[in-house]
Amino acid sequence: MAAAPAPTAAPAPAAGRIRQANEAAIVRAAEAVFARDGFRGASMAEIAAQAGVAKANIHYYFRTKQQLYRAVLERMLRDWLAETDGIRADADPAQALGAYVRAKMALAQTRPEASRVFAGEMLRGAPEMQDILRGELRELVARKSAVIEGWIAQGRMAPVDPPHLFFTIWAATQTYADFAPQVRAVLGARSLRGAPWQRATEHVVGLVLRGCGLGDQPAPAPAADTAARPAPRLREGRKTSRRG
């Protein structure tokens, strides 16, 4: 009797999960180092130290610093774009736009380093991202703008310029990550966690929705640590080379 053929080994899904987990850990570490040191100042050795792995391990997944840098940018943009899924023709405009703003604010809170890396790339002229900005991002904004134009045509929201609405949302939400030290300084707050962040989120949501003619939102109560504090005054005649 012929021996039964040996069973074919099934691919081990655990290996794929391990690879994904390792890549994600390296990208998170790279976000912090690139945000702090910039592309030119960052080193693979420092990223390895931040990730708690050997430098050779990083090169196993990302052959060059440029490849890792681009992975950080693409991951952040992919996560931002995923949050536009709720902007659909059959959705309620207020709910869809409100949910998008809240999601962008949540990403600004949980992924501030990645947002700063992205901002730095834009300030450099986007040398690594031009193809994606002119391709995937432009196409997505065109599709979502068509949805918003449909809502406007149906009288479901006020006339706005859809691409510029997205620019406004991006600027308003990402400033809490990219300019966090300025925000904390002006508010006199050590941290924006908890009530201060919720207050900021509700402010941005209400501002966007009112601008789109989607009704007033109740103003959030002033945060306890800033309500009684008088507005700061700049000293007259003081010169500084920094912008506020």
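## Overall make-up

The chain has ten helices and zero strands, where helices (H or I, at least four residues) and strands (E, at least two) are DSSP runs numbered from the N terminus. This is a predicted model, in which local features need pLDDT of at least 70, side-chain atom pairs count only at pLDDT 80 or more, and totals for chains, interfaces and linings use all residues. Residues are numbered from 1 along each chain as its sequence is written, and side-chain values use heavy atoms, with hydrogens and water left out.

Of the 244 residues in the chain, 36% are buried, meaning under 20% relative accessible area, with over 50% called exposed and values in between partly exposed (1.4 Å probe, protein chains only). Among contacts with a separation of 6 or more, 68% join residues 24 or more positions apart; a contact means heavy atoms within 4.5 Å.

## Helices α5 and α7

Helix α5 (93-110) has 18 residues and reaches 26 Å from its first C-alpha to its last, close to the 26 Å expected at 1.5 Å a residue. The expected span is 1.5 Å times one less than the number of residues. Buried residues of α5 include Pro-93, Leu-97, Tyr-100, Lys-104 and Leu-107. Their cover includes α4, α6, α7, α8 and α10.

Helix α7 (residues 130-153) has 24 residues and spans 32 Å between its first and last C-alpha, close to the expected 34 Å. A kink of about 30° is centred on Arg-138; the bend at a residue is the angle between axes fitted to the seven residues ending there and the seven starting there. Among the buried residues of α7 are Ile-132, Leu-140, Lys-144, Ile-148 and Trp-151, and what covers the buried residues includes α4, α5, α6 and α8. Gly-155, which follows α7, has a positive phi near 75°.

## Two helix pairs

Two packed helices are described by the angle between their axes and the distance between the axes. Axes are lines fitted to C-alpha atoms, for helices over the stretch in contact, and angles run from 0 to 180 degrees between N-to-C directions. Angles under 35 degrees count as roughly parallel, over 145 as roughly antiparallel, 65 to 115 as roughly perpendicular and the rest as oblique.

The axes of α4 (residues 65-82) and α6 (residues 112-123) come within 9 Å and cross at roughly 110°, which means that α4 is roughly perpendicular to α6. On α4 the contact is made by Tyr-69, Val-72, Leu-73, Met-76, Leu-77 and Trp-80, and on α6 by Ala-114, Ser-115, Val-117, Phe-118 and Glu-121. By class, these are nine nonpolar, one polar and one charged residues. Here Ala, Val, Leu, Ile, Met, Phe, Trp, Tyr, Cys and Pro count as nonpolar, Asp, Glu, Lys and Arg as charged, and the others, Gly among them, as polar.

Helices α8 and α10 pack at about 170° with axes 11 Å apart, so they are roughly antiparallel. Leu-165, Ile-169, Ala-172, Thr-173 and Tyr-176 of α8 meet Trp-197, Ala-200, Val-204 and Val-208 of α10. This contact has eight nonpolar, one polar and no charged residues.

Ala-126 is found in the loop between α6 and α7. Its phi is near 55°, a positive value in a residue other than glycine. Ala-126 counts as buried because its relative accessible area is 3%.

Cys-212 lies in the segment after α10 (195-211) and is buried, at 1% relative accessibility. Not counting residues up to four places away in sequence, Cys-212 touches Leu-97, Met-157, Ala-158, Val-160 and Leu-165. Asp-161 is 51 residues from Cys-212 in sequence and 9.9 Å away in space, C-alpha to C-alpha.
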